[in-house]
Amino acid sequence: VVLRKVLPALVILATLHGCGGGADAPSQDGSLQVALLTSGPVSDAGWYAGRTRVCMVIRDSLGARVSHQQTRTPAEFDEAFVELGSAGYDLVFAHGFEYQDAAIRASARFPEMTIVVSGGGRVAANVIPLIFRLEEGSYLAGMVAGGMTRTGTVGMVGGVAIPPAVGPSGPSRPGPGP
Amino acid sequence: VNPGVTVLETFTGNWDDVAAAKEAAVAQLRRGADILIHNVDAGSFGVFQAVRESTTAEAPRYAMGMNRDQNDVAPDVILGSAVIRIPEAFLTVARRVLAGDLPAEPFYVGEAQDVIDFVPNPGLEELIPTDLLARVAAARDSIRSGELVVPRVPFVEGEEGVEVPGGTGEGVTASVELRELRKQFGPVVALAGASLTAFPGEVHALLGENGAGKTTLLNLLDGMLAPDSGEIRIQGSNASPRSPREAVALGVGLVHQHFTLVPRFTVLENVALGLGSRGWGLGWPMSDVRERLLALAEETGLGVDPDAPVEGLEVSARQRVEILKVLLSRSRDPGSGRAHGRAGSPGRWSASSGSSGVWRPGGARSSWSPTSWTRCSRWRIG
């Protein structure tokens, strides 16, 4: 019985990594408590890279306590939101479209916690989609590609065709230039 | 910029398979692409490597970075990167939260907020013609001032055409609605009041033990069998197909568990046969069928070699051929295929790691994971 109570606590400690030497545990001093959730490896070259800088920037600029968790499955997404909500976190950056349903599920239970879902599509009182207009950058990249191609053919290699990924890639077609 | 440019598009199905991304990149380079854009995250290392290995002085090839400034990842092949300055975006949001000033609505960040940008690679910038750089800079200014609005595919609640999930679903017509279907074979009742509703973009798995009636249900939908009672509605109208051919005309295709492919024939010949059986085959030029097949394979990501004999293919490849056969026969038919409209709300759409997507011209989309794929006794595209 004791083990059952202790084990989840250990799991929480094991999965809540501090950011750049930041706080592992939520603060008691009233400063903003911010968590970052990612579902992929932070070692890659794109979407997840630079999370350490994310944590540091928010910590240093706002004096916030910041932690990071990597969660892989929808079940872990739900668990993470419950853990963070129960621990009194103010703000969670759920960095990916895949978090949106779990965020909606957690929103009513933790109305004081703001969940910002990168590339999310769903809205609730405390669930805010953060929409990056990457199409603006890929439009310019498309202009360069369209202007530089000698063969008249440009390739686009995409990952998963989720709506936020398809959104930007469409206008990257170099056709509709000025 | 250049309306004559052809864009090849491939989705690998995940974000971190470097080998798959490289393979896709190599295929695009072989097909004549000399500039590769990507949105495949860690997979981009494969894209850059493919470009690096194929570039020559006579036929230079380049790539574009994406999501973050990747110019230093492959400084020898990247012309520039479309970047998201994520820390700055998060900081902006966190400030708004602190100030209690973040309304419950989507928060957009782009060029105007300096969160999105295009950053030329300083090492290769000299390769880009000055006038092109000037036009890019002018376009960047127009975007920042709001003068130029870059279109995006809407997917966020509140954006045009995006339905709010959890509502009544009004306004979205079910692709397929089976109501109270009953089918009896002699004394055996195979189905006693079976109902099923499927909306555009959904994938349903039908599970049941042997004899539960799964096959019967799908045979009713496919027009192979006629129901004793009940109703079949397709795209909202009452349309009980009386034969598989009628079902195809209505936009229903069935991929059979036991393949209906001729082993000695090639993929292309099998596909052509499928068209023939539905009335367009004879006299239909083989080159046209090949072209359509390759275009559809490209569009759906269901890769096949048209000239491979089916008998040498593994099961998954045969399954792909069957699906392409069904989709191709539908795409030939006026009034089906294209009439399905937009995919359902993002909330209905599910993706799992390793899943693939199927694109249809109408914008509806299905996805499946390899496990559900093999577990489903029947599979179809809603």
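A residue counts as buried when its relative accessible area is under 20%. The model discussed here is predicted.

**A buried glutamine**

By that cut-off Q28(B) is buried, because its relative accessible area is 2%. Q28(B) sits in helix α1 of chain B, which spans residues 18-30. Its contacts reach into both chains. From chain A, Q28(B) touches G155(A), M156(A) and V157(A). From chain B, the partners are L8(B), E9(B), T10(B), A33(B) and L36(B). Residues up to four places away in sequence are left out of that list.

**A sheet built from both chains**

Six strands make up an open sheet with mixed pairing. The order is β1(B)-β7(A)-β2(B)-β3(B)-β4(B)-β6(B). The edges are β1 and β6 of chain B, residues 6-11 and 116-120, and each pairs on one side only. On average, neighbouring strands are turned by 15° against each other, direction ignored.

One pairing can be followed in detail. Strands β2 and β3 of chain B, residues 35-39 and 62-67, run parallel and share two bridges. I35(B) has Y62(B) as its bridge partner in β3(B).

**The nonpolar core**

The largest nonpolar core holds 55 residues. Those with the most contacts inside it come from both chains: I58(A), F93(A), L130(A) and F132(A), with M64(B), L79(B) and F90(B). Helix α5 of chain A, residues 134-148, gives the largest share, eight residues.

Take L130(A) as an example. Within chain A, L130(A) is in contact with V116(A), V117(A), S118(A) and G119(A), leaving aside neighbours within four places in sequence. Across in chain B, L130(A) meets A89(B), F90(B), V93(B), F107(B) and V109(B).

**The interface**

The size of an interface is often given as the accessible area lost when the parts come together.

| Interface item | Value |
|---|---|
| Residues from chain A | 78 residues |
| Residues from chain B | 94 residues |
| Buried area | about 7800 Å² |
| Share of buried area on carbon and sulfur atoms | 71% |
| Salt bridges across the interface | zero salt bridges |

**Chain B as a whole**

Chain B has 382 residues, and buried residues make up 46% of them. Its secondary structure comprises ten helices and twelve strands. Of the contacts in chain B with a separation of 6 or more, 57% join residues 24 or more positions apart.

Key:
Residues are numbered from 1 along each chain as its sequence is written. Chains are lettered from A and ligands numbered from 1 in the order in which they are written. This is a predicted model: local features need pLDDT of at least 70, side-chain atom pairs count only at pLDDT 80 or more; totals for chains, interfaces and linings use all residues. Side-chain values use heavy atoms; hydrogens and water are left out. Two strands pair if DSSP finds at least two bridges between them. Helices (H or I, at least four residues) and strands (E, at least two) are DSSP runs, numbered from the N terminus. Axes are lines fitted to C-alpha atoms, for helices over the stretch in contact, and angles run from 0 to 180 degrees between N-to-C directions. Buried means under 20% relative accessible area, exposed over 50%, partly exposed in between (1.4 Å probe, protein chains only). Contact means heavy atoms within 4.5 Å. A nonpolar core is a set of buried Ala, Val, Leu, Ile, Met, Phe, Trp, Tyr and Cys residues joined through side-chain atoms within 4.5 Å. Buried area is the accessible area (1.4 Å probe) that two parts lose on being put together, summed over both. A salt bridge is a side-chain nitrogen of Lys or Arg within 4 Å of a carboxyl oxygen of Asp or Glu.
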